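Colleague: I have a chain on screen and some questions about its fold. Can we go through them one by one?

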Amino acid sequence: MLSVEIDPGSGFCGGVIRAITRAEDFLSREGRLYSLGAIVHNDAELGRLQKQGLVTVNSLEEVPEGETVLIRAHGEPPSTYESARSRNLMVIDCSCPVVLQLQRSIREAYLRLHQDGHKGQIIIFGRVGHAEVLGLLGQVDGDAIVVENRQMLEEAMEKMDFSEPVEIFSQTTKSPLEYAQICEMLRSRGASLTVHNTICAQVASRHEKLAEFASTHDVIIFVAGRSSSNGKVLSDLCRSANPRTYVIGRLDEINPAWVKDRDRVGICGATSTPKWLLEAVADYFTRWP
């Protein structure tokens, strides 16, 4: 017989909970709401919200004039708000407070680095093209270097002027360990570096606890959407602690051959994974085989 446990720290972060709660509240009254981009990187949860009337769009041009659009927790660049005003759209701004603080910090750093004719450099450690990163770039009109890994930083450093100061920020859901390694690479090149601790505290604190959770179970079933940046970071962390880590997005992706009788099965997920889906996966294994 299997033993099954859900990681108590897994599931929606505060920013996602806030966005979904506000969306559901609006939908219960109005029946239709447009979301600029996926409100959460989880297909199962998106499907649930779509049944309530949530319409996901890729651009504001897809939203009829006078309608209401939701800005998700990832945040948006200033140009998005200007465009919404020009099209007479009502805005429900669900940008995560942690992301908003990060946006302000980047704006302030940019002004500081470029005063008195200086041309300091801003670096963002994050996923190229990610919604949060695009919002951060928008704060400085795109004048920042985005690096996803050490190789990208190595290539970027070949073109950098280290006579000017450098300030580095991280996407809020990145790995603290990888961020520290990126910063150390810059210091090794003699950069006059200011490091900003911008990884969400809720995300950062999960890493040590999740690694321990993964190492104390025989099998880890990690539940996350394929487009979840946080899911990629955390599932990689689980796999480093437990090679028998399997990533799924839906119940029908489970392979019964992954587990053996008497295995201790741990169920965990990303900050974009709903609790109800974690519970459904746990229920599947509770009834196994």
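Colleague: How many bridges join strand S10 to S12?

Modeller: First, a caution: this is a predicted model, where local features need pLDDT of at least 70, side-chain atom pairs count only at pLDDT 80 or more, and totals for chains, interfaces and linings use all residues. Residues are numbered from 1 along each chain as its sequence is written, and side-chain values use heavy atoms, with hydrogens and water left out. Strands pair if DSSP finds at least two bridges between them. S10 (residues 219-223) and S12 run parallel, and the number of bridges joining them is five.

Colleague: Which residue in S12 stands opposite Val-219?

Modeller: S10 covers residues 219-223. Val-219 stands opposite a residue in S12, namely Val-265.

Colleague: In which sense do strand S1 and S12 pair, and what stands opposite Glu-5?

Modeller: S1 takes in residues 3-6. Four bridges link S1 with S12, in the parallel sense.

Colleague: How many of the six residues of S12 are buried?

Modeller: Buried means under 20% relative accessible area, exposed means over 50%, and partly exposed lies in between (1.4 Å probe, protein chains only). S12 is largely enclosed by the rest of the structure, because the buried residues among its six number five.

Colleague: How many helices and strands does the chain have?

Modeller: Both are DSSP runs, numbered from the N terminus: helices are H or I with at least four residues, strands are E with at least two. The counts for the chain are ten helices and twelve strands.

Colleague: What is the radius of gyration of the chain?

Modeller: The radius is taken over C-alpha atoms, and the globule rule is 2.2 Å times the number of residues to the power 0.38. For 289 residues, a compact globule would be near 19 Å. The chain agrees with that, at 21 Å.

Colleague: What share of the contacts joins residues 24 or more positions apart?

Modeller: Contact means heavy atoms within 4.5 Å. Take the contacts in the chain with a separation of 6 or more. Residues 24 or more positions apart account for 70%.

Colleague: Which residue in S3 is the bridge partner of Ser-35?

Modeller: S2 and S3 (residues 54-57) run parallel and are joined by four bridges. In S3, the partner of Ser-35 is Thr-56.

Colleague: Where does Leu-60 lie, and which residues does it touch?

Modeller: Leu-60 is in the loop between S3 and strand S4 (68-71). Leu-60 counts as buried because its relative accessibility is 5%. Leaving out residues up to four places away in sequence, Leu-60 touches Leu-36, Val-69, Thr-80, Ser-83, Ala-84, Arg-87 and Leu-89.

Colleague: Is Thr-198 buried or exposed?

Modeller: Thr-198 sits in the loop between strand S9 (193-195) and helix H8 (201-215). Beyond residues up to four places away in sequence, Thr-198 touches Leu-102, Phe-169, Ser-170 and Thr-172. With a relative accessible area of 10%, Thr-198 is buried.

Colleague: What is the phi of Asp-116?

Modeller: Most residues other than glycine have a negative phi. Asp-116 is in the loop between helix H4 (97-113) and strand S6 (121-125). Asp-116 is exposed, at 71% relative accessible area. Although Asp-116 is not a glycine, its phi is positive, at about 55°.

Colleague: And what is the phi of Arg-262?

Modeller: Arg-262 lies in the loop between strand S11 (245-248) and strand S12 (264-269). Arg-262 counts as exposed, at 67% relative accessibility. The phi of Arg-262 is positive too, near 75°.

Colleague: How far apart in space are Leu-134 and Glu-76?

Modeller: Leu-134 is in helix H5 (residues 131-138). Leu-134 counts as partly exposed, at 44% relative accessibility. Leu-134 and Glu-76 are 58 residues apart in sequence, yet C-alpha to C-alpha the separation is 7.3 Å.
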